[in-house]
Amino acid sequence: MRDQTLAVHAGAAPDPETGAVAPPLHLSTTFAHGPAGERRAGFEYQREDNPTQARLESALAAMEHGRAALAFASGMAAMSALLEGLPADSQLLIPDDCYTGLRVLATDFLATRSIAVQAVDMADIDVVRAALTPRTRMIWCETPSNPRLKIADIGALADLAQRAGCVLVCDNTFATPVLQNPLDLGADVVMHSTTKYFGGHSDVMGGALVFAERGALHDAAAHRRHVTGGIAAPFNSWLILRGCRSLHARMAMHCTNAHGLAHFLATRPEMARVNYPGLIAHPGHDVAMRQMRAGGAMLSVELAGGREAALRVASRLKLFTNATSLGGAESLVEHRASVEGAHPVSPPNLLRVSVGLEHVDDLIEDWAQALA
Ligand SMILES: Cc1ncc(COP(=O)(O)O)c(C=O)c1O
């Protein structure tokens, strides 16, 4: 079965009790069991597992070509369930360009457990190889990365991780399984903020881990989720499951729009750089085209006029709302350095752009008037 068909049908069997085609939403926190705790349908308490979330997990596992999936309350809950499982005194490699939350989690929490976190250029395999030590337990890649759209070669990293005896995790939030399947390229775990493209409408938070094997890593993360409570709420699971059905259709249009906008922006003299892996000039273009099916729907631009020029454009755009997050139907723009706290790492002239589902000509015209 092709992936597009799978996304529509995975976890979508009609409800056996009523025949309902849309999946039932089970809100119950508790499930009747026998006097000695015998489970009737495998469920006991919502924090451990629940039927709506179980449907979502079977869909996520199928879509990412994995053996098992775990849904979480947010992308950060998913991320920390995995990273908090690292043994003390181990080393973790993270990308030098990545979602801010990963960096904060690493410095504010992992460091207190003596986990050495090193940020490296994941786009340069020699740099990653040189950073490995006997203590390295995990390589965390994010490709394309947030917000500079750097591309890491997942297959090459998987090879390196396997030789070093450590785990490769890939944050696949920007690409989604529609464009990229890291487990097929050798990654051990895929992480998602399902808040983004899976939800697709900027109205639900969620996260997920998808595992190549249902082994120790999966079991440890499931146990941690059960005990610490980062579970996905049933209604959120239900909304994200619904998002799976239209993910392929939405991604196709998101990507077409981003491609058109990126090509337009690349012609503008106001731009010092346009970071979009679908552009031939992007340093990761060749790797991206090998491991992705299109350039994606996220891009960032670095303005030649510096911070002031970036803020001016952000304030003049009309269709692009200044807001954080990404992956919704509406286009968003954000001056990342302004929202990254006391120590911003994004270049001051950078604007991150989430390209929505509006007509591409309207999006281009909006940038043209904002740059005029
Ligand atoms: C690439 C990436 N990973 C993880 C996260 C965190 O996800 P959440 O906000 O759902 O916790 C984000 C959020 O923006 C993200 O962009």
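Trainee: Which residues in H3 meet which residues in H4?

Mentor: Bearing in mind that this is a predicted model, the residues of H3 in question are Met76, Met79, Ser80 and Leu83, and they meet Gly101, Leu102 and Leu105 in H4. By class, that contact has five nonpolar, two polar and no charged residues.

Trainee: And at what angle do the axes of H3 and H4 cross?

Mentor: The axes of H3, residues 75-83, and H4, residues 100-108, cross at roughly 35° and come within 11 Å, and the crossing in which H3 passes H4 is right-handed.

Trainee: Switching to the ligand, which residues come nearest?

Mentor: There are 15 residues around the ligand, and of these Ser74, Gly75, Met76, Ser193 and Thr195 come nearest. Met76 is also one of the H3 residues that meet H4, which ties this topic to your opening question.

Trainee: How do the residues of that shell divide by class?

Mentor: The shell around the ligand has nine polar, four nonpolar and two charged residues.

Trainee: OK, another helix pair: are H9 and H13 roughly parallel or roughly antiparallel?

Mentor: The axes of H9, residues 234-266, and H13, residues 360-371, come within 9 Å and cross at roughly 30°. Angles under 35 degrees count as roughly parallel, and H9 and H13 are therefore roughly parallel to each other. The crossing of H9 and H13 is right-handed.

Trainee: What makes the contact there?

Mentor: On the H9 side the contact is made by Thr256, Asn257, Gly260, Leu261, Phe264 and Leu265, while H13 brings Val360, Leu363, Ile364 and Trp367. Sorted by class, the contact of H9 with H13 has seven nonpolar, three polar and no charged residues.

Trainee: Zooming out, how is the chain divided into domains?

Mentor: The protein chain is divided into domain 1, covering 3-243, and domain 2, covering 247-371, and the C-alpha centres of the two domains lie 26 Å apart. Their contact takes 27 residues from domain 1 and 29 residues from domain 2.

Trainee: Which helices supply the domain 1 side of that?

Mentor: Helix H1 (3-9) and helix H7 (176-179) each supply at least two residues of the side of domain 1 that touches domain 2, and H7 gives the most, with three residues.

Trainee: What's the class make-up of that side?

Mentor: The side of domain 1 that touches domain 2 has 14 nonpolar residues, together with nine polar and four charged ones.

Technical notes: Residues numbered from 1 in each chain as written. Predicted model: local features only at pLDDT ≥ 70, side-chain atom pairs only at ≥ 80, totals over all residues. Domains from an automatic or database assignment. Contact = placed C-beta atoms within 7 Å. Helix = DSSP H or I, 4+ residues; strand = E, 2+ residues; numbered from the N terminus. Nonpolar A, V, L, I, M, F, W, Y, C, P; charged D, E, K, R; others polar. Near = placed C-beta within 6 Å. Axes fitted to C-alpha atoms, helices over the stretch in contact; angles between N-to-C directions. Parallel < 35°, antiparallel > 145°, perpendicular 65-115°, else oblique. Left-handed = near helix turned anticlockwise from the far one by under 90°.
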